[in-house]
Amino acid sequence: MIKNLILDTNILHKDYDFRSKDLRKIIKICSLYKVNVCIPQIVIDECLGQYRKAFKTAIGNLETSKRDITRLLNDRYINNFPFDKLIKVVSTREEYYSKVLSDFINDKSIDVIPYCKISHQDVVNKMYDAKYPFINKDMERGYKDFLLTMSVLEHVNGNESVIYTKNVKDYTNKINKDSISSIHADYESENCFVSESLPSIIQKLHEGHSSFKSLKIDSSDLDTFFDEMVVNIIDGILYKDELYGELWFEPEVNKGSIYSQIVDEPTIEQDIDWQQFTVSGKVKIQFTCKFSMSNHEFEMLSEDFYFYEFISSAVKSKGHKLDDEWEYIFHDVKYISIFDFTYDLFEFENNPLEKYDEYALTIYRVN
């Protein structure tokens, strides 16, 4: 049974107000099952550092915009807009994030895991012994990951724990993207696990509680629910990041091409103690779509973007380099993915599937 859930930096650092749907959901479920939500001090320090970096970049962009507009307009026009005052006021807000983070930790009764007590000499020895995660030529790359993992292992004292991250390979080389993996054997721990899949973590939490009972749901209600779920995934702004790997991307989906299929039998359960209802499983979604893309937009994308390789190959086939000036409209582009999902309702009425709740759904793309 899971006793501790540890949040990695990449779960928190871009959720500046700590109010994302997934974060609120996992904290609520952990509170119901008395699972300790933990944040290592190294994660707190990294969040603060990442925020300062992003803040300074944003201020720099604002100052660059001021200079650009000054060149475009006569001074008498630009002086009518209080740029300097705006920059000064915004600059004072940098420390606000630290308070928001501290309040979040205190309000949610989150355990802060202190830095591990391992000596610098032991860390260096691990590097030269090529123990995980020091397996690359650039050995220092794994330094923070190693400190984080050792801090967790010291804190949890052998109790079953899961590290929730968006980069499992920081902790193990046995990666099962749609499930929960053991951390690397070099850490010599049998009870510490890692996962990118929030639906898998939620399902693991459910499995540890005998109050969860399987339910029978009318097939027509279930079919309607799955149809609504697929439409919500494709159309809902909440799922753009999981669907495409980019929040701002919004293609024109050919509605007639949408096909979905539930992979294997879904799990349908109810917690009789906490009046919680859950549906979990895997769903396959495919469709064709149309979208435009320019080199400027493409530069903002990471390689995790679903259509990254497709666009890259298409542009190169036209004789362009990726950093050339180009813009194309792509037609009838095929999308196909499988998702883990959990749908969790709390304090529902008689029929939990009578009204679909988009905030109850959590998805994770596994391919």
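A nonpolar surface patch of about 330 Å² is made by Ile237, Leu238 and Tyr359 in this predicted model. The protein chain as a whole holds 13 helices and twelve strands, and buried residues account for 44% of its 367 residues.

**Overall surface and contacts**

- The protein chain exposes about 20,500 Å², of which carbon and sulfur atoms supply 47%.
- Of the contacts in the protein chain that link residues at least 6 apart in sequence, 75% join residues at least 24 apart.

- Asp218, Asp223, Asp227 and Glu228 form a negative surface patch.
- Glutamate 228, one of the residues in that patch, sits in helix H10, which spans residues 219-235, and is partly exposed, with a relative accessible area of 34%.
- Aspartate 235 also belongs to helix H10 and forms a salt bridge with lysine 255, the closest N and O atoms being 2.6 Å apart.
- Because lysine 255 lies in the loop between strand E8 (252-253) and strand E9 (259-271) while aspartate 235 is in helix H10, the pair ties together parts that are 20 residues apart in sequence.
- Aspartate 235 counts as partly exposed, at 42% relative accessibility.

**Other salt bridges**

- The count of salt bridges comes to seven, and one of them joins aspartate 344 to lysine 25, with the closest N and O atoms 3.1 Å apart.
- This pair links distant parts of the chain, since aspartate 344 is in strand E11 and lysine 25 in helix H2, 319 residues apart.
- Aspartate 103 forms a salt bridge with lysine 99, the closest N and O atoms being 2.8 Å apart; both residues lie in helix H6 (residues 96-107), four residues apart, or about one turn of the helix.
- At 30% relative accessibility, aspartate 103 counts as partly exposed.

**Positive phi values**

- Most residues other than glycine have a negative phi.
- Phenylalanine 18, by contrast, has a phi near 55°, a positive value in a residue other than glycine; its place is in the loop between helix H1 (9-12) and helix H2 (21-32), where phenylalanine 18 is buried, with a relative accessible area of 4%.
- Aspartate 332 has a phi near 50°, again a positive value in a residue other than glycine; this aspartate is found in strand E11 (residues 327-346) and is exposed, with a relative accessible area of 62%.

**Lysine 290 and its surroundings**

- Lysine 290 is found in strand E10 (residues 276-294) and is partly exposed, with a relative accessible area of 33%.
- Leaving aside its neighbours within four places in sequence, lysine 290 is in contact with Pro251, Glu252, Ile329, Phe330 and His331.
- The C-alpha atoms of lysine 290 and valine 333 are separated by 6.3 Å, although the two residues are 43 residues apart along the chain.

**Helix H9**

- Helix H9 (residues 198-207) is mostly covered, with eight of its ten residues buried.
- The buried residues in H9 are Leu198, Pro199, Ser200, Ile201, Ile202, Gln203, Leu205 and His206.

Note on methods
Residues numbered from 1 in each chain as written. Predicted model: local features only at pLDDT ≥ 70, side-chain atom pairs only at ≥ 80, totals over all residues. Heavy atoms only, no water. Helix = DSSP H or I, 4+ residues; strand = E, 2+ residues; numbered from the N terminus. Buried < 20%, exposed > 50% of the residue type's maximum accessible area, 1.4 Å probe, protein only. Contact = heavy atoms within 4.5 Å. Areas by Shrake-Rupley, 256 points an atom, 1.4 Å probe, with all protein chains shown as cover. Patch = residues over 30% accessible without salt bridge, like charges linked within 9 Å, V, L, I, M, F, W, Y side chains within 5 Å. Salt bridge = Lys/Arg side-chain N within 4 Å of Asp/Glu carboxyl O. Lys, Arg positive; Asp, Glu negative; His and termini not counted. Charge placed at Lys NZ, Arg CZ, Asp CG, Glu CD.
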